[in-house]
Amino acid sequence: MIGNHDRRVIIVGGGIAGLAVARLLSENGLPFTLVERSDKLGGHTKDWACMAVDECKNCFCCLVFDYEDTVASCRNSEILVGYELSSVVSSDSGIQRVKVRQVDSGAEQEIQASALVLAIGFDTFDPVDKGFWGYGQIDGVLTLADLNHIIRSNDLGKLSPVPEGALDVAFFQCIGSRDKSIGANYCSQYCCGSAIRAALKLIHEVPGCNVSIFYIDLQLPGKTTRDLMEEAQEKGVRFLQGVPGEIRPLQEGGLQVISEIDGQNVAERFDRIVLSVGQRPSASAAAISKILGAPLNEFGFFETRTLFDAVRSPANGVYIAGSCSSPASIPDVAVSAGTVVSAIIADIEKAS
Amino acid sequence: MDRGTISNSAQNMNRTNSDEHSKNIDICFTCGQCVSRCFLSQSYPDINPRKIIRKTLLGREREIIDSEFIWACTLCGRCTTDCPQGLHMDVIVRRLRFLACGLGKGPKRILQGIGKALEVGNNVGMEPEAFVDMVEWLVEETTEEMEGSENNSISAPFDKKGAEILYLPNPREYTSNPKMFQTYLKFFSYTEADWTLSSRVFDITNWAYYMGDAEAATTLVRNIVEETRRLGAKILLSTECGHGFKILRKDAETWLGEPLGFEVLGIVELAHRYLKQGQLSIKPASIEGRVTYHDPCNVGRKLGVFEEPRQLIKAITDDFVEMWPNRKYSICCGGGGSVGQNTDMGQKRLEHARKKIDQIIKTGANVVATSCQNCLSQLDDLQAGNDLPIQVKSVIELVVESIEA
């Protein structure tokens with residue numbers, strides 16, 4: 001048995017990162033209290049759609065359901081949905097006690113803690129301030145998150161204005177990522193793969209659907225994503241370098257964009273444009289940073305001790321899982337959860 | 001700014017110079033956003049802002065320098081609005097123009113204007129006596145026109161030391177469009193401003209800036225700054241002139257390397273200040289027809305003066321309608337950045353303005369207001385050339401009309 005079971009590991013955030021950490025802690029016999037501020041577990045992942053077509057495309061969205069089931073049956077642990085972190089008492093050796101507050105009633109309770117894991121995730125970039133793309137103003141411009149919600153709710157018919165007609169869809173990559181003008185000079189990691197999976201899904205589900213992906217340069221790490229791209233090319237997805245900076249609604253319907261193709265400025269028409277929105281630091285990061293004394297980095301994500309100690313916060317006893325320290329894809333989050341749990345076990349053993 | 005040769009122009013562009021936001025252009029990661037935002041992308045299908053950077057970095061800048069594109073570009077800056085890498089295309093194009101000028105490819109009329117400005121103090125080569133005569137004649141004309149009205153104390157003080165405001169006109173006001181000057185005379189009279197003109201410095205334009213000639217541009221700015229200090233004005237008041245206002249507000253201190261010691265204010269901002277202080281006797285709903293506002297690139301996108309003109313217009317009309325897109329996304333009128341003055345470009349600026357015309361027509365407005373002499377002139381030509389059912393007015397013109405209504 002590792003550690004003292006009267007004290008728990010507090011997990012802040014019940015998205016896929018928090019659930020992954022909870023599951024691994026439980027597998028290692030460590031009790032936890034998971035605190036989730038919203039009224040449901042699962043975070044962003046639960047709103048996103050399975051991208052399987054004839055076979056699984058490794059989007060990993062379904063992991064969240066497995067994790068949730070496992071976590072719900074963990075013994076000696078508790079899950080507090082509708083609660084948030086309100087304060088913490090630490091000593092030199094780390095976190096001692098935390099107080100959590102029920103969001104609705106404001107009622108507080110205190111928990112003896114051995115460690116605290118931040119897993120508060122990210123906020124989806126809201127492109128509404130990027131006026132040239134007209135999100136929220138021009139019909140037919142949606143985000144990758146919107147598209148996922150549409151697919152998830154089996155509402156793809158909504159995309160096609162004419163049931164039998166062709167549907168021309170364009171994806172714009174790096175929206176809210178790699179953009180110094182909004183303090184987001186980083187790659188959001190998940191969007192290239194997600195856009196390609198969504199392209200394959202659309203082609204599979206919507207007859208007559210043509211897809212073009214406008215990118216700066218495709219970021220496709222890992223052993224499966226290159227194959228995905230080749231498959232997409234075989235299925236007719238166009239990959240075009242250069243992201244159009246403006247969307248114009250046409251009088252006769254549809255959306256016009258201009259891009260450079262083979263050295264010429266070419267105007268094209270699309271029915272729908274999907275903005276592949278990046279990951280921004282969570283809006284609650286600043287407040288939580290204050291409560292814990294856990295510093296944020298230049299982008300507003302949680303700082304870690306070093307590049308190679310990427311799960312420990314400079315604040316003693318605070319560990320950082322998933323996308324609240326850096327933009328991450330679902331597999332990255334799962335790996336980070338494993339590293340967090342290893343670090344917690346190592347630190348508890350060292351202390352005892 | 002050094003006079004660079006073609007072979008090292010990429011290097012020169014990378015060198016820090018006195019221009020704002022001059023950065024290494026090799027940080028461009030070819031995202032391509034600029035391609036589609038350029039209002040010239042369909043008029044010049046084989047060139048675009050991104051290609052300017054790529055070709056320069058690949059040592060093929062001569063193709064750009066020889067192209068008409070750098071002269072059709074209005075330096076509007078729309079293409080690099082919120083550029084992910086923070087590049088400013090207008091800075092890059094001005095640099096390329098400077099290199100072109102060094103090769104004898106500069107537009108003659110503009111270069112002559114710069115010569116006159118450096119020699120005489122204004123780009124039309126008007127001697128101070130002639131300017132004073134012209135103004136005095138305009139004062140008489142205006143006084144005559146206003147006979148019988150309550151407000152008829154038109155005057156134009158010259159070189160009045162200690163006046164609060166030094167007003168700096170655009171030569172258009174005392175050459176091709178004296179009505180504009182009369183409008184401003186009336187504005188100062190109606191607002192009882194403590195103002196003066198200078199008999200030495202009476203040209204806000206800076207064509208050297210258009211040509212990327214930082215040395216000459218700085219000299220012209222220094223003349224203005226020194227005259228303002230000599231007269232002890234608290235406010236250097238810009239006429240409705242986009243680039244002139246932008247340079248004085250945004251670049252002058254950097255170029256001169258010292259604080260100006262006075263405030264640079266646009267006349268629209270001054271009118272807005274009077275409005276807020278209740279000193280502007282305008283009348284609500286006094287302008288007939290639907291009014292829209294064209295954001296001049298320099299006043300809007302580059303200086304962020306968006307709300308003042310709108311609040312003034314809304315104070316005098318009940319029927320204000322926005323063009324779309326507007327404010328920092330506004331589409332250039334097509335006549336700025338020297339294109340309107342560059343006789344080598346013929347009437348191409350009118351053909352390049354299709355998007356602006358469409359935007360105006362869509363509003364259904366009867367009056368298009370703006371606050372830049374260049375935009376006014378271009379919009380006037382667009383109106384005439386296309387028989388548009390609109391009137392083009394400056395914001396101050398509307399304000400004065402409202403006061404007189």
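Reader: How many salt bridges are there between chain B and chain A?

Author: The count is 2 salt bridges between chain B and chain A. Keep in mind that this is a predicted model.

Reader: OK, and what does A:Glu260 pair with?

Author: A:Glu260 forms a salt bridge with B:Arg50, and the closest N and O atoms are 3.5 Å apart.

Reader: How many polar contacts across that interface?

Author: There are 23 residue pairs in polar contact between chain B and chain A, counting pairs with both residues at pLDDT 80 or more.

Reader: Which three residues supply more of chain B's share than any other three?

Author: B:Ser36, B:Trp324 and B:Tyr329 do, supplying 23% of the area that chain B buries against chain A.

Reader: Switching to inside chain A. What are the domains?

Author: Chain A is divided into domain 1, covering 8-121 + 282-351, and domain 2, covering 125-278. Their C-alpha centres lie 31 Å apart.

Reader: And how much do those two bury?

Author: About 1,700 Å² is buried between domain 1 and domain 2 of chain A, with 62% of that from carbon and sulfur atoms. On the domain 1 side, A:Trp48, A:Met51 and A:Lys57 supply 36% of the area buried against domain 2, more than any other three residues. In terms of contacts, 19 residues of domain 1 of chain A meet 22 residues of domain 2 of chain A.

Reader: What does A:Lys57 form a salt bridge with?

Author: A:Lys57 forms a salt bridge with A:Glu231, where the closest N and O atoms are 2.8 Å apart. The rule finds 1 salt bridge across the interface of domain 1 and domain 2 of chain A. There are also 9 residue pairs in polar contact between these domains, both residues being at pLDDT 80 or more.

Reader: How does the domain 1 side split by class?

Author: The side of domain 1 of chain A that touches domain 2 of chain A has 12 nonpolar, 2 polar and 5 charged residues.

Reader: Now chain B. Where are its domains, and how far apart are the centres?

Author: The assignment gives domain 1 (7-106) and domain 2 (124-273) in chain B. Their centres, taken over C-alpha atoms, are 32 Å apart.

Reader: How many salt bridges across that one?

Author: The rule finds 0 salt bridges between domain 1 and domain 2 of chain B. For polar contacts it finds 2 residue pairs, both residues at pLDDT 80 or more.

Reader: Which helix gives the largest share on the domain 1 side?

Author: Helix α6 (residues 89-102) of chain B does, with 5 residues on the side that touches domain 2 of chain B. That side divides into 4 nonpolar, 2 polar and 5 charged residues.

Reader: And the buried area there?

Author: Domain 1 and domain 2 of chain B bury about 900 Å² between them, 54% of it on carbon and sulfur atoms.

Key. Residues numbered from 1 in each chain as written. Chains lettered and ligands numbered in written order. Predicted model: local features only at pLDDT ≥ 70, side-chain atom pairs only at ≥ 80, totals over all residues. Heavy atoms only, no water. Domains from an automatic or database assignment. Contact = heavy atoms within 4.5 Å. Buried area = accessible area lost by both parts, 1.4 Å probe. Salt bridge = Lys/Arg side-chain N within 4 Å of Asp/Glu carboxyl O. Polar contact = N/O pair within 3.5 Å; in protein donor to acceptor, adjacent residues only side chain to side chain. Nonpolar A, V, L, I, M, F, W, Y, C, P; charged D, E, K, R; others polar. Helix = DSSP H or I, 4+ residues; strand = E, 2+ residues; numbered from the N terminus.
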